[in-house]
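This report describes the fold, the core and the surface of one protein. Please consult the sequence and the structure shown here while reading.

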Amino acid sequence: MAITNSNSIKKTVLPLALMFGVGRIILDLIPKLAQANSKVYYSTFLIAFVLEVIAIVYLIKKYKKKQENELQLSEALVIGVMFMIVVGGLFAIQSYLYDTYIDTEFQKRTALEWANLYGKSGDVEKMMNQGDSIQQTSTLFSIFTSILKFSLIGILISFVTGSILRNK
């Protein structure tokens, strides 16, 4: 029987997660620096999601193979969540730094452009103006909520993948 431990999972997940985190940052920065339109910018989220699903499936299969084709659902969940926490953490920090110190109006411009495509720019402007009077959330909270969103995606993907692969 194969030995399962957190070190084995870390050795499997961390190198690829760090590479994907850097790749996710680059994928986010290219349209921002190129001042691409909102469609291009928001399409990077879909591209990143597809690549993250592929990476999690690959990592779970790789881990299962290392463990002599034995996989517990809890191991699959740990792999997916660990991967997404690393990727999400790196992305959240980069996004916060860019939006706070490099181009503070980027998110507003992009949201307005996107809303304008659907004739809702007035509604979005109104919400943004009302939001200016609301107290700013803390840096730590905004980064944490972003990582939490990535973690939930990791749970979902790894649960489905782990459920399928543990029975094969």
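## Basis and overall fold

Helices (H or I, at least four residues) and strands (E, at least two) are DSSP runs, numbered from the N terminus. By this rule the protein has six helices and zero strands, and its elements run α-α-α-α-α-α from the N terminus on.

The model is predicted: local features need pLDDT of at least 70, side-chain atom pairs count only at pLDDT 80 or more, and totals for chains, interfaces and linings use all residues. Residues are numbered from 1 along each chain as its sequence is written, and side-chain values use heavy atoms, with hydrogens and water left out.

## Burial and contacts

Of the 168 residues in the protein, 37% are buried (under 20% relative accessible area; exposed is over 50% and partly exposed lies in between, with a 1.4 Å probe and protein chains only). A contact means heavy atoms within 4.5 Å. Among contacts between residues at least 6 apart in sequence, 81% join residues at least 24 apart.

## The nonpolar core

A nonpolar core is a set of buried Ala, Val, Leu, Ile, Met, Phe, Trp, Tyr and Cys residues joined through side-chain atoms within 4.5 Å. The largest such core has 21 residues, and Val-13, Ile-60, Ile-79 and Phe-83 have the most contacts inside it. Helices H1 (6–33), H2, H3 and H6 each supply at least two residues of this core, with H3 giving the most, eight residues.

Leaving aside residues up to four places away in sequence, Phe-83 touches Val-13, Leu-16, Ala-17, Phe-20, Glu-52, Ala-55, Ile-56 and Leu-59.

## Helix H6

Buried residues of H6 include Ile-143, Phe-150, Ile-157 and Leu-165. The buried residues of this helix pack against helix H2 (38–66) and helix H3 (73–102).

## The exposed surface

The protein exposes about 10,300 Å², of which carbon and sulfur atoms supply 66%; accessible areas come from the Shrake-Rupley method with a 1.4 Å probe, and for residues only the protein chains shown count as cover.

Ile-54 has its place in helix H2. This residue counts as exposed because its relative accessibility is 51%.
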